[in-house]
Amino acid sequence: MTWYTKFDWLLFISWLGLSLIGLIAIYSATQGPMHQDTFIAGNFSRQVLHLVLGLIIIVIMLFISPRAYVQLALPGYLLCLFIALLTVFFGVEVGGERNWLNIAGFRLQISEFMKLGTILAIAAYLSNFRNATTSNFQTITVILVLILAPVGLITLHGDTGTSLVYIALIPFILFWVGLSYGYSLLLTVPALIAYFTIINIYVAAAISLLLVFAVFMLEKKPALTIGSVVVCILVVLGVQFMLTEVLQPHQRARVESFHDPSVDPHGAGWNVIQAKTAISSGGIHGKGFLQGTQTQLRFLPEQQTDFIFCVISEEFGLIGGGLTLFLFFLMISRLIAIAGSHKNSFAKVTIIGVASVFIIHIIVNLGMAMALLPVIGIPLPLISYGGSSFLSFSIMIGLCLNFDYYMRDFGLYS
Amino acid sequence: MPITENESQRTQTAVIVLQILITAIFAIMFGRLIYLQIFQYDVYSPISERNSIRQQIVNPARGLIFDRHGNLLVGNEPSFTITITPLNFDMSSIPLLSKLTGTEKEEIERRVMEARSYSFHRESRLLRDVSFEVFSDVQENLWRLPGISHQVEGKRSYPTPVRLSHALGYMAEVSRAELNSSPDYRMGDLIGRSGLERIYEPYLRGEKGTQFVTINAFGRALGPFNEGILDITPQRGVNIYSTLDTELQRVAEELLAGKVGGVVALNPKTGAILAMASSPDYDNSRLAGRLDRSYWQEINADSLTPLFNRSVAAMQPPGSTTKPLMGLIGMRLGLISEETTIFCAGGYQRGRFYRCLRHHGNQTIGQAIETSCNTFFYALMDQIVNRHGLNVWKEMMNDTGLGVSSGIDLTNEVRGIVPDSAYFNRVFGVRQWGLGDMINLGIGQGAMGTTPLQMAISTAAIANNGYRVTPHLISHIEFEDGQTENIVDPPVRIDWMQPNHLKTVQKGMRKAVTDGSGRFYANLRDVPVAGKTGTAQNPHGQNHGWFITYAPFDDPEIVIAVLLQNAGFGSISAAPVAGMMMEQYFYGEIRRPHVYQMMLDFKPAPFNPNNN
């Protein structure tokens, strides 16, 4: 087999396509006449640099034996934790989040790279300890510890959005490594119940009933079923209690404003209204490159990072937004397929971890932009501006490309 | 980890579950995108348009006011205004704004709330007429003050040395009622509140323009929208040309300073007001732009009521200045002729004794005017009311301009009082008044009230041989395209005035100046002046001095009526003022500086606002 038939072009092209879409969007978001002389004006050229750098890294990564990554997994994870710890003390504070570390002139956001580090550490743990299974309580505990250690540090950075990504990783990994269906449901569905408790309590109740029924049918354990009933009730009551008793009115407005921006039209609702306006006014064809009024006149907050999808949707309409969604779908679907067909368990876990991080970021970011979820500031993979974020996601894709490229050789060693 | 058959099966299921899951997730998101971009497009597209385009009102320059020689009386000068768009305003920047402008936080808060209640997304004025330093400070910090903007507007300036307080009038912010009733005003707009500013407001204000500008999220204007093709340019206000003579006005104001009273000088042929002064007055320039609150309170609280325009609103009995009119009425009614004499033995006996100032002996009407003999007019009035009735006399008085509105283009004019039987019945009660009340009217005392303007009009009717003029301050207005419009009503003939009667009365008034009570101060060497002094009895204090005059005698150009309250005899208080104005008018200078100085130093009796 020649190299180019072994290489996964689909994955690579979706990476390249998304990166280029990001570049165009960042150009539009930062190079309009309104943005001259602002601090974001230099973002485009820097992102070009990030893209070139990412491409070089991916190519270099292809020439490295996959076994090297297995050996690097644990040291890399520990290094990440160490840098994260340093960031807690020496970090630079930007917008209330102390998650940047100045290293030789570069600003490093370790929480981005640590996602991959954590995935690799879990993968290494699961493949090194041959007798580890998920029915084993110890295995689950170790996985939880491996995830919660970075969560703790990132929470100390003040970046709750990113720590949420790590937590959301837990059910995906556990499900992949063999957690039974009932338990998997029990881990994921309460989030859905909580979400609907905010929007519509009746839907939340219906989902709760479905969950209890599904858990009972899948597990056939009365105790677990009763447990799931308790979980459902606790989630609904807990969310209500949080909204009415714990949160201050302005915090509550922030949570609720995503589905009813009029609660606080000039505070938390402002972003939601402007983002919705940008996307909706784009229509089918969009307003045209550099013609989006919401973008060019800076009605969108954080338009080159968190709200970049609004820029795409406003200027390129349903066509641009749909294309972006399609490329993401292609990429993730491809990753899952590779993970399913791979023979090496380290690679399998790693690739699913990467796919999970991508899907979590996409759900949260697009959900926020399209006013389906509360505003949580995390980047859209490969598209949002940001060196750490872009390079971290590119390295993840590079790793998956590598594992896929060496699938046959790698499988034999396991 | 060995891959068992069981595990492989499980992996395959997990792949299918995950593929279904992400397909569902992407389907939901794509569905949401379609919902927003296709079904919600009509809702949000206009919002995005509105977001990026703002309609800005461009204020026109207010029309200018000129005097009769084309000198600028009221102009405009730049004034710096801080504006606010409440939608974008962040309440947390109030302290910064307060620091920059040196205004109290509470004051700014109050004004922000006011602007909010007016309109949330329209621009309103926050602080008017700030200093240039404050203006540039705010300008530098605009990036920290979302929703705050600035504009340069015009405010009224008064470049002449005259004040013309009441004639020009002041401006103030529009009231809520005016805002609601007229689409021409926005919150914070200034509107003429008194004087010419108010009367000619529709001309002076001009038409607002509209500018469509592209703005950003911070409300900052980036430039014209669509190269400004939709913009409407503002139309500047129309210039108005007054009939006032600045120099004459200056003399009148200087002479009235420190006294209480009013002066009106007008052209008897046209009714054009040449000068109009009321004292005490106030400074319009301190009410222009940002209202000087302490000054406003001061002039409102002043017991001498500087805002009160005495030249058109001070009602006092005309005293002896009514005698020429009495003569005209008497002759017209056939009660007397030019030669009819009435004997004055120091008074008139009719039920009681009505005093005259001295024994005049036999008097004709001409002599009675010259000497200001009371007896003659008591007797005449007695005959008028007995033979024709009070109401006939009242009608004729009304015809000359007393007791009726003059129609002057000015605010706050009063009608004055010329009583008829209905008036006495109402005020004193039916059968509670009698001959005495009416006979007193013959010498302009008692229940009669006229204003300096009305006295000037009635004097003009004598001077111009029987025409009633409509006094006016504005001769014409000039539109932007250069077209002018005259807005002067022609004089109306008073049909009962006979030329020979007028001649007699005119001669009497001429004699009053050459030989009578006006000879000391009102008689000019080169210009024949006619006039009549008057002293209105004031039961509460010092009498009020009147003087009416016109000149030249044979072809009158100017009529002056002067009222000085609590100043005593008209011959020594009001007459010198008119005399000095005559000198200024005819010679262009003051030829008797000692008289001028005497009048500057003249101190009337203290004015008691409760008893006048």
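**A tour of chains A and B**

Start with chain A: of its contacts with a separation of 6 or more, 67% join residues 24 or more positions apart. Two residues are in contact if their C-beta atoms, placed from the backbone, lie within 7 Å.

This is a predicted model: local features need pLDDT of at least 70, side-chain atom pairs count only at pLDDT 80 or more, and totals for chains, interfaces and linings use all residues. Residues are numbered from 1 along each chain as its sequence is written, while chains are lettered from A and ligands numbered from 1 in the order in which they are written.

Color chain A by pLDDT (the predictor's confidence in each residue, from 0 to 100). The average is 87, and 94% of the residues score at least 70.

Next, show the cartoon of chain A. There are 17 helices and three strands. These are DSSP runs, numbered from the N terminus: helices are H or I with at least four residues, strands E with at least two. H14(A) has the highest mean pLDDT, 95.

Now select the contact between the chains. Chain A brings 38 residues and chain B 34 residues. On the side of chain A that touches chain B, H14(A) gives the most, eleven residues.

Move to chain B and select helix H20, residues 499–514. Its 16 residues should span 22 Å at 1.5 Å a residue, and its end C-alpha atoms are 22 Å apart, which agrees. The expected span is 1.5 Å times one less than the number of residues.

Finally, show what covers the buried residues of H20(B). Helix H13 (323–332) and strand E21 (530–536) of chain B are among the covering elements. Buried means that 20 or more other C-beta atoms lie within 10 Å of a residue's own, all placed from the backbone.
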